[in-house]
Amino acid sequence: MRINKLKPEYVGTMPSKSEMKEGVLYISRVYLTTAHLCACGCGNVVVLPYGRRDGMFWTLTERLSGVTMRPSVGSFNLPCKSHYYITDNKVEWL
Ligand SMILES: [Zn+2]
């Protein structure tokens, strides 16, 4: 089932897949990485590095209203091919 909200949770190291809960965006400031279970409910882990790096990276914006990641999350390598924005903790399906 599709999820429409991702609650940020700050961690030191990323939890393992079996420890991850749906609807939580795990953020590690140490590793400049976020991870969450795909919002479609398929159970795959989506890892998004953020900040300045070589290659592909996202921006993570933190406001009182929630966290926003850009560009969109496109899991085209997964069978579900999920594509969505994370905006102010909300999942905006594309
Ligand atoms: Zn999925």
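Which residues have the most contacts inside the largest nonpolar core?

Modeller: This is a predicted model, in which local features need pLDDT of at least 70 and side-chain atom pairs count only at pLDDT 80 or more, whereas totals for chains, interfaces and linings use all residues. Residues are numbered from 1 along each chain as its sequence is written, and side-chain values use heavy atoms, with hydrogens and water left out.

The residues with the most contacts inside the largest nonpolar core are Leu25, Val46, Met69, Tyr84 and Ile86, and this core has 19 residues. A nonpolar core is a set of buried Ala, Val, Leu, Ile, Met, Phe, Trp, Tyr and Cys residues joined through side-chain atoms within 4.5 Å; buried means under 20% relative accessible area, exposed over 50%, and partly exposed in between (1.4 Å probe, protein chains only). At least two residues of this core are supplied by each of strand S2 (24–28), S4, S6 and S7, and S6 gives the largest share, three residues. Strands (E, at least two residues) are DSSP runs, numbered from the N terminus.

Apart from this core lies another, of six residues, including Val11, Val24, Tyr26 and Ala35.

Beyond its neighbours within four places in sequence, Tyr84 is in contact (heavy atoms within 4.5 Å) with residues including Val46, Val73, Trp93 and Cys38. Cys38 (SG) also coordinates the zinc ion, together with Cys40 (SG), Cys42 (SG) and Cys80 (SG), at 2.3 Å. Donors here are N, O and S atoms within 2.8 Å of the metal (3.2 Å for Na, K and Ca); water is not among the atoms, so sites may look incomplete.

Note on methods
Helix = DSSP H or I, 4+ residues; strand = E, 2+ residues; numbered from the N terminus.
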